[in-house]
Amino acid sequence: MATPEIQNGGVSVMAAAPAAAPLDQSSHSAAALSVSSPIRVFLFFHKAIRTELDGIHRSAMALVTNGSGGDIKQLMEKCHFLRSIYKHHSNAEDEVIFPALDIRVKNVARTYSLEHEGESLLFDQLFSLLDNDMRNEESYKRELASCTGALQTSISQHMSKEEEQVFPLLNEKFSFEEQASLVWQFLCSIPVNMMAEFLPWLSSSISPDERLDMRKCLHRIIPDEKLLQQIIFSWMDGSKMRSKRKRYEDDPRQSSSSATPTEKGLCSCESSRNAEGDILSDCNAVSSSLYCPMDDILHWHKAIEKELNDIAEAARSIKLTGDFADLSAFNRRLQFIAEVCIFHSIAEDKVIFPAVDAEMSFIQEHAEEESEFDKFRHLIESIENAGANSSADFYSKLCSQADHIMGTVKNHFRNEEIKVLPLARQHFSPERQRELLYKSLCVMPLRLIECVLPWLVGSMSEEEARCFLYNMHMAAPASDTALVTLFSGWACKGCPGGICLSSSAVGGCPAKELKETQENFGRSCRYCACASMLTESTTCGPARKCEKTMKERNLVSSLENAASNFSGAKSQNTSLSNQSCCVPGLGVNSNSLGMNSLASAKSLRSLSFGASAPSLNSSLFNWETETNSSTSGLTVRPIDNIFKFHKAIRKDLEFLDVESGKLSDCNENFLRQFSGRFRLLWGLYRAHSNAEDDIVFPALESKETLHNVSHSYTLDHKQEEELFEDISSALTELSQLHEKLNVKDIAGNLGESLSDSSSHVNGWKKYNEVATKVQGMCKSIRVSLDHHVMREEVELWPLFDRYFSVEEQDKLVGRIIGTTGAEVLQSMLPWVTSALTLEEQNKMMDTWKQATKNTMFSEWLNEWWEGTPAASSQVSTSGNSTSQEYNVHESTDQSDYTFKPGWKDIFRMNQNELESEIRKVSCDSTLDPRRKAYLLQNLMTSRWIASQQSKTDETEDGDLLGCLPSFRDSEKKIFGCEHYKRNCKLRAACCGKLVACRFCHDEISDHSMDRKATSEMMCMNCLKVQPVGPVCITPSCNGLAMAKYYCSSCKFFDDEREVYHCPFCNLCRVGKGLGVDFFHCMTCNCCLAMKLVDHKCREKGLETNCPICCDFLFTSSTAVRALPCGHYMHSACFQAYACAHYICPICSKSMGDMSVYFGMLDALMASEVLPEEYRNRCQDILCNDCDRKGTAPFHWLYHKCGFCGSYNTRVIKVDRDPICST
């Protein structure tokens, strides 16, 4: 059974192979890959890369730890090699693997492509550091070790994520044949010159067993063609030889005469040779005259110019006819020539120009050509998107851009032909010229060479083509015999009439010369298809295998579609003619030679020219960039404030990275400060990442089109948590070493032996090693988090604009804040605001207040900010950005002070002043109703309260009311009261009484106690009155804790239960905390259990009285139960009420699942028989559960809703008609 075709991913329809081992659906790691899975090849790649990374980091660490230094030049060579290997590995993934995966599984590949870009920047930073002139300084070596460690961490994390997410998906979503096809395309997308280095290095980096396993895997991946397998395995065995053929200057006739004529009918290409009239004589004549091998560059120029001219003509034709039906083919044609130009320029810049003149450079011209091709491609895409609505202006721009590119390229080629070619002819021998040309060809990947060679040869005359093949054969080293035979066969496919030029060009059929080599593979094979043209009985076996393989894999010709557009009818007839040669094709899909391959080519240019060179994102990943660029900075979104944390994270990461270099100074105070700053960042980052994992990412995943978009970031959080734990352990070890060194220093002052001195030196050495390790880990965590938050902002940030309304974003912000406890907020707010500008700070606080508008958050914020020492310290650290926020709180205090006069002030007020204050409070619409009622009550009774206060003040201190201790358990002498267990009493601010709690105060007083106004307490152990706090400050108590839990905001103590302070209720609640077992709903303004995340919201639903006992629910100390309708009552009241009722006393909806009860009523109604006069009578009813009106048969008690089946209904009309309408 065939599998579906992937149009853009490079995987074609293929017949199903024997079923591979099924993927364990419960496993999400690379360990679940089948032993026979082709994807296992990537695991070998990853292991080799990890080994190389480890070696580089060890070398960098050796520079720090060894006093004699190390070989930086050797380290630089290793880094250059790794960068080249990894860059090509990444490009092949971006070009082949990720586009194919994105078709089967959406929203996975983009993140990994972004990571490749980040890793490329890391390499740039590393090489910038390696080129620094401060190599002998200690700080330079430490920074170098940190940079290599960060690179190792970043790439290792990236590969681990691929093994955990990408590889299992490839194994699950792709058949065995598709996997093999993808891996083969991956290999064919790496430049030939890199494959010759890449595979030997890979083979040497794995164990012998793994090497054998990999060879078996490659046997299943490479098409069943001896020539292709010989090429790949010769590279893997490292058999590339640097020696060139010794007959560069020998008489080609000698080579020709040494070839033994074959039997008639076995190779008809030799029949084109004459004994004395060989075409080689023409090559010799040209060679001996003015012809230079370097002139082959002119053939490239001519072919490119011809193709560009055809494209310009096609553009003018489109303009004249207005027919854009074949615009997509025109676009593919443009992208092909753009890719050819880019790789041609890479070859010139990396091979030709450095050899001719190290100072000569055409990098600027090449970059300009890339830019022009990009503009052309975007213009075509605009026309395609506009369709029939395309204006004439579009077509004029199309022609203008085509002509402009044509002129730019022509001028560039003329400059090269004037400045470069004469120098090459003058200074290089023919052998050297051929060598440079062959190396420049090998800069391309196999997949592109298969398409380019027939296209190039098709633009040459027969004589030029033979000389081109001759130069290629003479330049190739002996180890590349199979490779150059493959190149020759591909080139021959572009010859008019299907003529094989290889035999006449090199003095013999290369397939014949390769015959002896093929014996190592089991049997000989004639790779020239000319023999198979004579008779079917002599057809080569491999040729048939090639045909069979191509059918099985649906390996359509590499340029069958594209070539028809590349060079018109001529190249269509010649580029892929299977009649000219039977050398095997690669079998890769031409669709993947589109924009993704072009992006890979441009990425290689950036590798060649450094970070300043332009780069291109693959078209697969362009869907979001436009949205980001179009919406960024235009609107303020509520969700943006969550990303404001990224700015604060970056600031602290920079601190850790920069300041970690000072740890080697062994300063105790700095070490303590650094550790504290690190642990603050760790805790706040954990809160931020938990909010993303629990709230933000599930919200994204809930959108159907965004499935899998966040999985990679969840894996990032796990890896970063491990990094934080490693740094924490290293800092603990560093602190322990510091303590030991301090002890030894003290002992050293008293006198030490020689052995002690040696131990001291070793201790210092160990301390420096750990300090260097911590510095490297801080660099790693900075790089890791920097790249993480960058990818979130690029990939995830714009999605909220596209898929979430402002209301939904507000709700998300509210959920995030609602799971953040008061202690975390107290650390987080100063930390975040210190990193923001004044405008950003105001916007963030506005968004928070908007999200918490139904809560007491502003009240808590004002109380906390005024009373915390962090407020004053924050002013000094954040400067002006915090001063305004502080002033806001001060202005709030001034306005609030008018309504909260002290008792002494009230006592001095006359009646008119007091009434004026009462009127001000009554008319103030900004006050919360509960707050207003409290103030009015206290102002009206202020005379009496003030008199009581005055009496209390006249009492001597020793006679204070309640100065004796109270007990929770008098027998066990446990301090407290019947309400709470605690070791202190509170002094009420209203009346001065010492009471164990506010409930005890209210029981013995005629007024309520404002516990938040409490400023003094009495320790019941020493009976000393002192400022309220968590511990007794009397020396005799030795820091006795007043309770396990103390809230400075509520002045609340509890020694028995788990309690937390909710900053949105601004009250202490029983529980483990927000985000643990409770969350605060911003709409309902109440704390709910985590299991009630999906509940029916009712604005300020808890700010009401219990419908049963009429006590105020919001401040109630007893448990409250939420009903399905959104109303609340005390749990105890619910238990009593539900014994006789099942409907909400407020809205009359059912309080639970009543299906069983309603089923019993159905049975009851079916068994009852009504009197005759009532049987056909109906009643109009209203269902309390579904709020719909209907009719029901007459009954004096039960009426069933015809829509939802509920009996929770009410009669609204009795039908007088004796005949029921139902």
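## Basis of the model

The structure is a predicted model, in which local features need pLDDT of at least 70 and side-chain atom pairs count only at pLDDT 80 or more, while totals for chains, interfaces and linings use all residues. Residues are numbered from 1 along each chain as its sequence is written, and side-chain values use heavy atoms, with hydrogens and water left out.

## The whole chain

The chain contains 45 helices and 17 strands, where helices (H or I, at least four residues) and strands (E, at least two) are DSSP runs, numbered from the N terminus. Of its 1222 residues, 53% are buried, a term for under 20% relative accessible area with a 1.4 Å probe, counting protein chains only.

## Helices α3 and α4

Helix α3 (residues 109-130) packs against helix α4 (residues 138-173) at an angle of about 165 degrees, and their axes lie 10 Å apart; such axes are lines fitted to C-alpha atoms over the stretch in contact, and angles run from 0 to 180 degrees between N-to-C directions. The two helices, α3 and α4, are therefore roughly antiparallel, the word used for angles over 145 degrees.

## Leucine 825

Leu825 belongs to helix α34 (residues 822-833), and it is buried, with a relative accessible area of 0%. Although Leu684 is 141 residues away along the chain, its C-alpha atom is separated from that of Leu825 by 9.2 Å. Beyond its neighbours within four places in sequence, Leu825 is in contact with several residues, among them Trp848, Phe857 and Pro1063, contact meaning heavy atoms within 4.5 Å.

Technical notes:
Angles under 35 degrees count as roughly parallel, over 145 as roughly antiparallel, 65 to 115 as roughly perpendicular and the rest as oblique. Buried means under 20% relative accessible area, exposed over 50%, partly exposed in between (1.4 Å probe, protein chains only).
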